Structure formats: structure tokens, C-alpha cells
Amino acid sequence: MVNDFVQTVDGLKADIRDFLISPNRWRTSRVQGPLSWCTVKFEAGNQSQIPLQRGIYAFTVMHANDHFPPHGYIMYIGITGEEALHRTLNDRFYEYLKEQRRNKRPKVHYMLAKYSDDLFFNYVPIADDTFDLGQLEADLNDAIIPPVVEKDFSAEVRAVVKAFRS
């Protein structure tokens with residue numbers, strides 16, 4: 001009975017993640033204008049739904065059923081199609097499918113493997129080549145501070161994140 005309790009507690013500890021929940025950061029973020037997010041379950045069969053355009057994307061862990069209200073966690077925010085790398089959202093989706101099978105970036109690999117049944121790929125295509133995707137990525141990451149993002153923050157927030165994640 002004592003061992004069952006210890007195993008139960010230890011099992012739950014394995015699922016603890018650090019999330020920053022700061023409505024003040026959300027309200028004061030520098031993100032401009034509304035973003036029209038699209039969401040698909042992250043699985044190979046959905047790749048054809050992802051556009052061949054540049055844009056911003058986010059991975060979320062969500063469990064949708066009729067027992068709970070809508071909820072989820074933003075785990076990672078990234079961009080594609082910036083600078084010399086002209087990858088599309090579709091290309092990036094495919095690269096993450098491959099990342100599930102190899103451990104190139106441990107935090108990302110862990111997220112993809114651990115939450116595979118409840119992982120969603122959210123994206124916003126942005127066709128305007130003059131739009132600064134890098135700034136949008138930093139602004140969103142600064143507002144949310146997703147647990148899997150390691151460095152794609154503004155310099156000011158990157159220093160703070162390093163201090164509290166150390």
C-alpha cells in the first residue's frame with residue numbers, strides 16, 4: 001500500500017512541467033493584430049493540410065473530450081520561411097515528423113514523443129515577405145515563455161529565462 005502511493009506520486013511527478021501563466025505578459029505583449037490560427041492534430045496523415053507558405057507555428061498539448069472544458073498548453077512557438085531558409089510550414093511539419101524518430105534536439109524530441117497522442121500543430125500562413133517573422137516569434141515567446149523554447153526570445157527575456165530555468 002505504501003509502495004503503491006509512492007509509485008503513484010512518482011508517476012505524477014514525471015508529468016510535471018513548468019508553465020508561466022501571466023495574464024499581464026499576455027495583455028502587454030507586442031504582438032500586432034489578430035492572428036488567424038489553424039489547428040491540426042500532429043500526425044503524418046495531416047501533412048497535406050499544411051500550406052506551402054512561410055509563417056509561424058506552435059505546438060500545443062490538448063486533450064479534447066466531453067468531460068473537460070477546452071484547454072491546452074503552448075509548448076513551442078517557431079517560424080519558417082525567414083532569411084535564407086525558404087522552408088514552408090508544410091516542410092517544417094514534415095521535419096518534425098522526422099524529428100520524432102531521432103534525437104537532434106532533446107527537448108523537442110521529448111515533447112514530440114511524450115505527447116504524441118495529444119499534440120497539435122497550430123499555424124498561421126504569412127505571405128507578406130516584408131513581415132518580420134523573427135520579431136513575431138520573439139514577441140509571442142516573450143509573452144508566453146513556452147517550456148520547450150530555449151533561445152528564441154528577446155535579449156531582455158532570454159536573460160530572465162536563463163536565470164529562472166537554471
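**Stop 1: a buried isoleucine**

Select isoleucine 145: with a relative accessible area of 5%, this residue is buried (buried is under 20%, exposed over 50%, partly exposed in between, with a 1.4 Å probe and protein chains only). Before you go on, note that this is a predicted model, where local features need pLDDT of at least 70 and side-chain atom pairs count only at 80 or more, while totals for chains, interfaces and linings use all residues. Numbering runs from 1 along each chain as its sequence is written, and side-chain values use heavy atoms, without hydrogens and water.

Check its phi, which is positive, near 50°, in a residue other than glycine.

**Stop 2: the second largest pocket**

Next, pick Arg17, Asp18, Lys107, Pro147 and Val148, the closest to the centre of the second largest pocket among its 14 lining residues. The pocket holds about 290 Å³. Here a pocket is an open set of points on a 1 Å grid over the protein atoms alone, where a 1.4 Å probe fits, with protein on both sides within 12 Å along at least five of seven lines; lining residues have an atom within 4 Å of a point.

Colour helix 4 (106-114) and helix 6 (155-165), which each supply at least two lining residues; helix 4 gives the most, with 3.

**Stop 3: an exposed asparagine**

Finally, jump to asparagine 3 in helix 1 (residues 2-13), exposed at 56% relative accessibility.

Note on methods:
Grid points are joined across faces, edges and corners, and a volume is the space filled by probe spheres set on the points. Helices (H or I, at least four residues) and strands (E, at least two) are DSSP runs, numbered from the N terminus.
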